[in-house]
Amino acid sequence: MIFSIDDVLTPEELQHITDRLDPKDFIDGKLTAGWHAKLVKHNTQLTKKADYTEELTQKVTAALWRHPLFKVATQPKTIHSMLFSRYEAGMSYGSHVDNALMGSRSFLRSDVSLTLFLSDPTDYEGGELVIENTDGERTYKLPARSAIVYPSGALHRVASVTQGVRWVVVAWVQSLVRDPMQREILFDLDTARRSIFQQSGKTIEFDLISKTHSNLLRRWAEV
Ligand SMILES: O=C(O)CCC(=O)C(=O)O
Ligand SMILES: [Fe+2]
């Protein structure tokens, strides 16, 4: 399931983040890529050593946790490995799959990948996120403050930026529900029961779907 989420950040939060980000604190993106992704990763990312990296990471992480759609759709256990990336003209990230496990001694699994846009589409040319599927590919270039969320198992790439600068935050979710199909079933059931609740209140149908949603989550969740 690939979906976009609007208004992850407030305009004030975006302003705060973009005021802080300083190109001189950005280092070669190859440093955090897997051995094969390194071959195609041509971007820069914020060093962990900058004194504001932790603060911005916490701000974006908190914004994701409070977003109702993000939570229902991804069932996060942990949001991790967040990076602030910067692509200037000539930079791109070729086709790759994200590492399944991230970390060095203790590992976190990547079930869901996300790109949160910090730049507006008019700020740069090119730079689309392209997600490949068995039936073709789709490109995404969202407004600043919106995020695109997709299964970490998909091949994807960032097209070359030809003008301007593309700023994004990327992060990964270890989900309580590892299997994308099971997450989609839970998401559909939750959407259906909320719609019934809106239209008719707490009916018997609402209760039965809630019961099924809850029992499937109990079966599938890894806590
Ligand atoms: O910048 C993006 O939209 C995605 C980047 C990416 O695929 C990655 O950092 O693994
Ligand atoms: Fe990636």
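## A tour from the ligand shell to the core

By class, the shell around ligand 1 is made up of 5 nonpolar, 3 polar and 1 charged residues. Keep in mind as you go that this is a predicted model.

**Stop 1: the ligand shell.** Select ligand 1 and then the residues around it: Ser85, Tyr93, Asp98, Thr115, Leu129, His156, Val158, Val168 and Val170. Two elements give two or more residues to this shell, namely β14 (156-158) and β15 (161-175).

**Stop 2: the open sheet.** Start from β14 and bring in its sheet, an open one of 5 strands in the order β3-β6-β14-β11-β12, with antiparallel pairing. Which strands are at the edges? They are β3 (41-42) and β12 (136-140), each of which pairs on one side only.

Strand β11 (residues 129-133) runs antiparallel to β12, and the two pair over 5 bridges. Together β11 and β12 make a hairpin, with 2 residues between them. Show side chains here and look across the pairing: Ile131 stands opposite Arg138 in β12, and Glu132 stands opposite Glu137 in β12.

Stop 3: Move to the loop between β12 and β13, where you will find Arg145. Its phi is near 90°, a positive value in a residue other than glycine. Is Arg145 buried or exposed? Arg145 counts as buried, because 20 C-beta neighbours lie inside 10 Å and 20 is enough to meet the cut-off for that class.

Stop 4: With 19 C-beta neighbours inside 10 Å, Ser81 counts as partly exposed.

Stop 5: In soluble globular proteins, nonpolar side chains tend to be buried together. Here the largest nonpolar core has 37 residues, and those with the most contacts inside it are Leu114, Leu116, Leu118, Val149 and Val169. To see where the core comes from, colour α2 (53-65), α3 (68-74), β5 (76-88), β9 (112-117), β13 (147-151) and β15, each of which supplies at least two of its residues. Which element gives the most? That is β15, with 8 residues.

Centre the view on Val149. Not counting residues up to four places away in sequence, Val149 touches Phe3, Ile5, Ala73, Thr74, Val112 and Leu114.

Next, pick Val173, in strand β15. Val173 is buried, as 25 other C-beta atoms lie within 10 Å. Leaving aside neighbours within four places in sequence, its contacts are Thr74, Pro76, Ile79, Asp111, Val112 and Leu114.

Stop 6: Finally, zoom out and colour the chain by its domain assignment, which gives domain 1 (3-175) and domain 2 (180-220). The C-alpha centres of domain 1 and domain 2 lie 30 Å apart. How many residues does each domain bring to the contact? Domain 1 brings 5 residues and domain 2 brings 5 residues. On the side of domain 1 that touches domain 2, the residues divide into 3 nonpolar, 2 polar and no charged.

Conventions:
Residues are numbered from 1 along each chain as its sequence is written. Chains are lettered from A and ligands numbered from 1 in the order in which they are written. This is a predicted model: local features need pLDDT of at least 70, side-chain atom pairs count only at pLDDT 80 or more; totals for chains, interfaces and linings use all residues. A residue is near a molecule or strand if its C-beta atom, placed from the backbone, lies within 6 Å of it. Helices (H or I, at least four residues) and strands (E, at least two) are DSSP runs, numbered from the N terminus. Ala, Val, Leu, Ile, Met, Phe, Trp, Tyr, Cys and Pro count as nonpolar, Asp, Glu, Lys and Arg as charged, and the others, Gly among them, as polar. Domain bounds come from an automatic or database domain assignment. Two residues are in contact if their C-beta atoms, placed from the backbone, lie within 7 Å. A nonpolar core is a set of buried Ala, Val, Leu, Ile, Met, Phe, Trp, Tyr and Cys residues joined through C-beta atoms within 7 Å. A residue is buried if 20 or more other C-beta atoms lie within 10 Å of its own, exposed if 12 or fewer, and partly exposed in between; C-beta atoms are placed from the backbone. Two strands pair if DSSP finds at least two bridges between them.
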